[in-house]
Every structure is written in structure tokens, then in C-alpha cells.
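These are my notebook entries on a structure that I looked up. I record what I asked and what I found.

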Amino acid sequence: MEFDNNIPIYVQVINMIKKDIIQGKLPMGAKLPSTRELAVQYHINPNTAGRIYKEMEMQNICYTKRGLGTFVTEDSEVFKAMKEDMAEDLVNSFIKEMKDLGFSKEDLLSVVSVEYDKES
Amino acid sequence: MLECSNLKKVYLNKTAVEDISLTLEKGRIYALLGPNGSGKTTFMKMISGLVKPTHGTIEYEGMPIGVQSKKDIAYMSTEPFFYSFMTVESVGKYYKDFFEDFDEDKYVKLIGEMELNMKDKVNKLSSGMSAKLKIAATMARNAKLYLLDEPLNGIDIIAREKIITTILNAASDDSTIVISTHLVDELEAVIDSVVFIKDGKSVIYGDAEQIREQRGKSIVELYKEIYG
């Protein structure tokens with residue numbers, strides 16, 4: 001597993017799990033791996049894996065059923081908010097980088113529009 | 001679980017360890033970092049009871065290093081420690097004779113995961129394979145404290161991943177793992193505590209995440225700064 005040294009590892013793994021949820025690889029209500037399985041899967045420290053679930057629970061992305069494990073939320077509002085949050089983060093960092101390059105709002109929008117059409 | 005204070009080891013006219021004081025806590029994975037010759041191996045050998053400190057004390061569960069600590073501590077040295085006539089299978093038997101906590105089923109499972117063959121002769125193994133064998137034999141013990149001296153050295157990337165998986169599988173709330181290495185990159189995400197050793201002294205030591213936050217640097221970057 002390749003991690004970015006500038007971002008805490010638990011944050012990076014949370015983002016990967018969120019992405020899996022948004023893409024439907026981890027459907028709503030699905031059982032998540034145990035902390036140990038998570039540690040082995042991502043090659044991370046078991047205590048970091050524990051922290052990941054704690055943070056995700058605080059954000060209501062998942063919940064723990066005592067004795068059964070950790071599950072992805074079934075709340076569609078949380079799901080929607082999570083998707084919007086991630087999109088917002090991506091867009092904000094993109095805008096910042098483009099501003100640094102000296103792009104105006106209009107230039108930025110037209111570049112996005114042209115490139116988006118090329119891709120699809 | 002283990003406490004060292006002011007450890008020092010002098011060989012004739014050479015000081016291998018100058019001054020190391022630290023506490024190892026249960027359930028954590030430690031990286032023991034430092035370039036070659038910084039004193040990592042001597043430190044591990046002192047904890048495992050193979051080398052006597054010139055000065056300072058080590059306490060394991062409140063007792064000095066001795067019969068009990070040797071039962072509970074699994075040390076894997078950098079040197080290969082099998083006789084050339086042995087097979088992978090007889091290494092298991094040899095370990096079982098030596099260590100009460102050696103788990104044969106676990107050994108068989110680990111040998112399978114490492115893609116080794118029970119009938120293989122030890123002296124016919126490539127260096128990567130014999131490194132995997134050393135790990136399998138050591139981790140097949142149900143020890144309280146594992147001391148792994150350079151488990152990733154000279155091993156290809158696929159075997160490294162396997163070794164890291166094995167280490168993580170062995171990690172539990174009851175066991176403590178110390179990994180000495182100068183390949184920090186590979187272990188950055190795996191460890192929760194670090195000990196930096198320089199010229200036989202423990203210079204920085206603590207929780208990896210805290211150190212990253214306080215210094216605004218990854219462990220890899222800090223390594224480059226300390227030894228660069």
C-alpha cells in the first residue's frame with residue numbers, strides 16, 4: 001500500500017473506504033472487515049485500524065453491533081452528505097491549484113467543460 | 001511490559017550501546033530505527049538475554065532477564081540460525097524442542113503462506129526464502145514479545161509484503177513486536193511507536209502519530225533529518 005507521507009494514514013484509509021462506499025463496492029448496511037482484517041488488508045497498524053472505525057462512527061458513516069462487527073450506515077442522508085463532502089473537498093483543492101496557476105473562474109469552467117467532453 | 005534504563009554495552013574498546021532507556025508497552029508495534037552499527041542488534045540481544053549489559057538494568061514484567069523472559073521473548077537474529085543439513089520440516093521440529101510456546105499448526109500454516117516446501121533443504125534456499133523461513137519459525141511461537149532484527153533486509157518486494165502481513169497477523173493486544181530496520185518507508189504505516197537510535201543512544205522515542213504531529217514530518221523524513 002502506498003501512502004502519502006503528508007496526510008495522516010488513518011485519514012487516507014478513511015477516504016479510501018468512503019470512496020468504496022460511494023462507488024457501491026461496500027453497499028449500505030454491509031459488514032466491514034474486523035480491525036485486524038483491515039490492518040492486514042491495508043498493511044496498517046492494528047491500533048490505527050481501530051482509530052479508523054472510531055472516527056467513522058463519529059461521522060456516522062458506520063456503526064458497531066456489539067459482538068457482530070462494524071457495518072456501513074443504512075442512512076441515505078449520511079450517504080448523500082458524505083458524497084457531497086468528498087466532492088466539495090476535491091473541487092476546493094482543484095480550484096485552489098487552478099487559482100495558483102492564474103486561472104479565472106471563466107477560464108477554469110471552460111477548461112473543465114472541454115476536458116470533460118474529451119473524456120466521455 | 002519491559003523497561004530498560006541507562007543500558008550500556010562495551011566490547012573491549014568499542015562501545016556498542018552508549019545509553020538506552022525506554023519502556024515497551026503491551027500490544028504495540030515498535031520500529032527500532034538507525035543505520036548499521038548504531039547499536040540496534042546489541043540492544044535486542046541484551047533484551048533477549050544473549051548479551052549481558054555492561055551497565056544499566058532491564059526488567060521484564062518486573063523481573064530481571066532470565067528463565068521467564070527467555071520463555072516469553074522470541075528473538076530473530078539477522079544471521080541465519082539453522083544447520084545446513086536441516087529441512088524446512090526439521091526446522092519446525094528443532095524449534096518445537098526448544099520452545100514450549102511453539103505452535104506446529106501455526107508453523108505449517110505460515111510455511112504454506114510463505115510458499116515454502118516442508119521437504120526443502122535449508123542450504124538450498126535462496127536468501128529471500130531463508131528470510132521467510134526465519135520469520136515463519138519465529139512467528140510460529142506464541143510469544144509475548146517478538147524481537148525481529150532486520151526482517152526486511154535483502155528481500156524482494158513481494159516477500160516483504162508477505163512478511164508484513166505475517167507480522168500484522170501475529171500482532172494482538174497481548175503481544176508486543178519490535179522491528180529493527182533501516183527500511184523505514186516500508187514500515188511507516190505498520191508501526192505505532194518508534195525508537196531512533198544514534199551512536200548507541202536512544203535519541204527520539206514515542207508514539208509515531210504524536211511525533212508526526214509535533215514535528216510536522218513523517219517518520220521517513222525524520223529519519224533522513226537525524227541520520228542524513
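**Entry 1: helix α6 of chain B**

Helices (H or I, at least four residues) and strands (E, at least two) are DSSP runs, numbered from the N terminus.

I note that this is a predicted model, in which local features need pLDDT of at least 70, side-chain atom pairs count only at pLDDT 80 or more, and totals for chains, interfaces and linings use all residues. Residues are numbered from 1 along each chain as its sequence is written, while chains are lettered from A and ligands numbered from 1 in the order in which they are written.

I then looked up burial in α6(B). The buried residues there are B:Ala159, B:Ile163, B:Ile164, B:Thr166, B:Ile167, B:Leu168 and B:Ala170. A residue is buried if 20 or more other C-beta atoms lie within 10 Å of its own, exposed if 12 or fewer, and partly exposed in between; C-beta atoms are placed from the backbone. An α-helix has 3.6 residues a turn, so residues three or four places apart point the same way.

Which elements cover the buried residues of α6(B)? The cover includes α2 (35–42) and α3 (46–58) of chain A, and from chain B α4, α5, β7 (145–149) and β8 (176–181).

**Entry 2: helix α5 of chain B**

I compared α5(B) with its expected span. Its 13 residues reach 18 Å from first C-alpha to last, close to the 18 Å expected at 1.5 Å a residue. Its buried residues include B:Ala131, B:Leu133, B:Ile135 and B:Met139, and also B:Lys132 and B:Lys134. Among the elements of chain B that cover them are β6 (73–76), α3 (88–98), α4 and α6.

**Entry 3: two loop residues of chain B**

I located B:Met114 in the loop between α4 (104–113) and α5 (127–139) of chain B. Is B:Met114 buried or exposed? It is buried, because 20 other C-beta atoms lie within 10 Å. Leaving out residues up to four places away in sequence, B:Met114 touches B:Lys132, B:Ala136 and B:Lys162. Two residues are in contact if their C-beta atoms, placed from the backbone, lie within 7 Å. From B:Met114 to B:His55 I read 40 Å, C-alpha to C-alpha, and 59 residues in sequence.

I found B:Glu188 in the loop between α7 (184–187) and β9 (193–198) of chain B. B:Glu188 is buried, because 23 other C-beta atoms lie within 10 Å. With residues up to four places away in sequence left out, B:Glu188 touches A:Phe3, B:Ser218, B:Ile219 and B:Val220. B:Glu188 and B:Ser218 are 30 residues apart in sequence, and their C-alpha atoms are 8.0 Å apart.

**Entry 4: where the chains meet**

How many residues of chain B are in contact with chain A? I recorded 14 residues of chain B in contact with eleven residues of chain A. On the chain B side, α6(B) gives the most, with four residues. That side divides into eight nonpolar, three polar and three charged residues. Ala, Val, Leu, Ile, Met, Phe, Trp, Tyr, Cys and Pro count as nonpolar, Asp, Glu, Lys and Arg as charged, and the others, Gly among them, as polar.

Chain B has nine helices and ten strands. Its radius of gyration is 17 Å, which agrees with the value near 17 Å for a compact globule of 228 residues. The radius is taken over C-alpha atoms, and the globule rule is 2.2 Å times the number of residues to the power 0.38. Buried residues make up 43% of chain B.

Chain A has five helices and two strands. Its radius of gyration is 17 Å, well over the 14 Å that the rule gives for 120 residues, so chain A is more spread out than a compact globule. Its C-alpha atoms fill a box of roughly 55 × 30 × 25 Å along the principal axes. Buried residues make up 21% of chain A.

Definitions and conventions
Expected span 1.5 Å × (residues − 1).
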